Amino acid sequence: MSRSVSPPVVAQAPPPVAAPRRRPKRVRRRGTLVAWAFLSPALLLFLYFKFIPMAKGLVMSFQEIRYIDSSWVGLDNYRTILTDDAFISAIWHSTVLALGTTAGSLVLGLGLALLIEGPSRYLWFVRTAAFLPVVTTMAVVAEVWRIMYHPADTGMINSILGWFGAGVQPFLASENSSLLSIMGMSIWRGTPYDMMIFLAGLVGVDRTLYEAAAVDGASTWERLRHITLPALRPVFWILFTLAAIRGLRVFVEVYVLTNGGPNGSSEVLMTLVYKLGFQKGELGVASAGGILLFLATLLLTVLVQVMRRRQAA
């Protein structure tokens, strides 16, 4: 009885994969033109309302501006700023306010984020309520705090302090406490923003690390120090930059609360530049002050980025 022998199976090579076709240059060029067409309205607005005024301000900082004509004075405006006592005091007040506001908002923002971070469905209301100061107009917030800081026993904050036996505090009316009072309001308004960014950063922390640390007997502080804070390091760099810039460029809260008083104890660079430019007509010196503030902001941003990259490396 003969057995049928099946022919050997020959492995067939897979069909050749067609190489991806490159998009024609005309299509790529058309996509680039479409992108620039959508960007052009915003770029034109930036050019007209931001970049051209910046260039004009840079030119004006080297001039003495008059109503009829202007004269070139070189670096005299910058020498005036760097040697004038009022400008030196304003720069010092801006620096102190920026440092205090940045440190306070970061610490309180992190604390609030740790307290309300979690999956509970009721926490959305707490987060929304805490974030409301950020979306409120700064002028309205400053006016409310000005009323709360009323330097009498009928003021809201003084009434609360009276419950604990404290005396009436002058707050904005005293040279010793005006800058600290502005700092307290700025911290109150900046903390919710930092809190939301910290909450977004906490979402990316691996929960298994907390469980492993708890099994090893790590305390809450040790888990915060060795897991949470290292994971939030990029968030800290971002918030530090934004909070420092926000502190350096403070204007509305000082203008509404004290207008730089009393006796210049809360004068910052932005309010001094405003007064020189729009009240005294010294546009050249005011432009030089604005350029110095821009350079300080740029230098701060570059330094923070350099430090962040060195630490990441």
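1. Let's start with the second largest pocket of this predicted model: its space comes to about 250 Å³. It has 14 lining residues, and those closest to its centre are M138, R246, R249, V250 and E253. If you have the structure open, these five are a handy place to begin looking.

2. Which elements give two or more residues to the lining of this second largest pocket? They are α3 (85-116), α7 (178-203), α10 (233-248) and α11 (252-257). The largest share comes from α7, with 3 residues.

3. Among the residues closest to the centre you will find R246, R249 and E253, and Arg and Glu both count as charged.

4. Now for the largest pocket, which holds about 830 Å³ of space. There are 26 residues in its lining, and M54, G290, I291, L293 and F294 are the closest to its centre. The elements that give two or more residues here are α1 (25-60), α12 (269-279) and α13 (283-312).

5. Which element gives the most to the lining of the largest pocket? That is α13, with 11 residues. By class, the lining of the largest pocket is made up of 18 nonpolar, 6 polar and 2 charged residues.

6. Along the principal axes, the C-alpha atoms fill a box of roughly 120 × 60 × 35 Å.

7. How many of the residues are buried? Of the 313 residues in the protein chain, 32% count as buried, where buried means under 20% relative accessible area. The accessible surface of the chain comes to about 20,800 Å², and 67% of that belongs to carbon and sulfur atoms.

8. One last point, on contacts along the chain. Taking those between residues at least 6 apart in sequence, 65% join residues at least 24 apart.

Technical notes
Residues numbered from 1 in each chain as written. Predicted model: local features only at pLDDT ≥ 70, side-chain atom pairs only at ≥ 80, totals over all residues. Heavy atoms only, no water. 1 Å grid on protein atoms, 1.4 Å probe; cavity = no way out; pocket = protein on both sides within 12 Å on 5 of 7 lines; lining within 4 Å. Points joined across faces, edges and corners; volume = space filled by probe spheres on them. Helix = DSSP H or I, 4+ residues; strand = E, 2+ residues; numbered from the N terminus. Buried < 20%, exposed > 50% of the residue type's maximum accessible area, 1.4 Å probe, protein only. Contact = heavy atoms within 4.5 Å. Areas by Shrake-Rupley, 256 points an atom, 1.4 Å probe, with all protein chains shown as cover.
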